[in-house]
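Please open the structure in your viewer and keep the sequence beside it.

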Amino acid sequence: MTAELSPTAETWDATELQSIRDGLEQAVQRLTAEISAIDANLAEVAGPAALEILHDELDLASQRSDLLQDSVQAENAAAILAQTQHVLARLDLGLDGVCEVCSGPVGRPRLEAFPRATLCMGCVH
């Protein structure tokens with residue numbers, strides 16, 4: 001984020017909100033590229049050509065481990081992407097800083113530390 005955030009103000013000014021939006025939109029682009037790269041790697045590693053070169057059980061186990069790791073990484077990136085897009089939609093609706101559960105304030109320090117937060121600290125725990 002490029003704008004300086006004021007820790008004492010309860011509401012966000014237009015510059016601060018735009019800075020948050022810019023950071024979230026950059027995260028969407030980065031996550032989309034990351035997911036595409038992982039998908040391409042999975043297609044390459046799991047393709048027929050890759051299976052032909054696996055000569056023994058250790059090669060096969062190593063390949064399965066790599067596939068599992070890539071799969072988990074792709075799932076995590078997809079979950080973060082979905083959450084980021086959800087927060088951007090909430091910004092569009094003017095619901096930034098409003099807890100999804102209790103409709104109370106999420107809290108500026110929490111949002112500064114974790115811009116994808118949609119729950120206040122009371123509802124998180």
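The tour begins with the whole chain and then turns to individual residues.

**The whole chain**

Display the entire protein as a cartoon, bearing in mind that this is a predicted model. The protein contains five helices and zero strands, and its pattern along the sequence reads α-α-α-α-α. Now switch to a surface view. The accessible surface amounts to about 8000 Å², and carbon and sulfur atoms contribute 57% of that area. Of the 125 residues in the protein, 28% are buried. Among contacts with a separation of 6 or more, 54% are between residues 24 or more positions apart.

**The largest nonpolar core**

Next, select Ile20, Leu24, Leu81, Leu88, Leu91, Val106 and Leu111, which have the most contacts inside the largest nonpolar core. That core has 16 residues in total. Which elements give two or more residues to this core? They are helix 1 and helix 3. In soluble globular proteins, nonpolar side chains tend to be buried together.

**Leucine 88**

Beyond its neighbours within four places in sequence, leucine 88 is in contact with Arg21, Leu24, Glu25 and Val28.

**Valine 106**

Move to valine 106, another of the core residues with the most contacts. Apart from neighbours within four places in sequence, the residues in contact with valine 106 are Gly97, Val98, Cys99, Leu111, Ala117, Thr118, Leu119 and Cys120.

**Glutamate 16**

Select glutamate 16, in helix 1 (residues 14-45). Is this residue buried or exposed? Glutamate 16 is buried, because its relative accessible area is 3%, which is under 20%. Show the side chain of arginine 108 as well: a polar contact of 2.7 Å joins it to the side chain of glutamate 16.

**Serine 103**

Finally, select serine 103, in the loop between helix 3 (57-92) and helix 4 (108-113). Serine 103 is exposed because its relative accessibility is 58%, over the limit of 50%. Examine the backbone here: serine 103 has a positive phi of about 65 degrees, although it is not a glycine.

How values were computed
Residues are numbered from 1 along each chain as its sequence is written. This is a predicted model: local features need pLDDT of at least 70, side-chain atom pairs count only at pLDDT 80 or more; totals for chains, interfaces and linings use all residues. Side-chain values use heavy atoms; hydrogens and water are left out. Helices (H or I, at least four residues) and strands (E, at least two) are DSSP runs, numbered from the N terminus. Buried means under 20% relative accessible area, exposed over 50%, partly exposed in between (1.4 Å probe, protein chains only). A polar contact is a pair of N or O atoms within 3.5 Å; within protein, one must be able to donate a hydrogen and the other to accept it, and residues adjacent in sequence count only if both atoms are side-chain atoms. A nonpolar core is a set of buried Ala, Val, Leu, Ile, Met, Phe, Trp, Tyr and Cys residues joined through side-chain atoms within 4.5 Å. Contact means heavy atoms within 4.5 Å. Accessible areas come from the Shrake-Rupley method with a 1.4 Å probe; for residues, only the protein chains shown count as cover.
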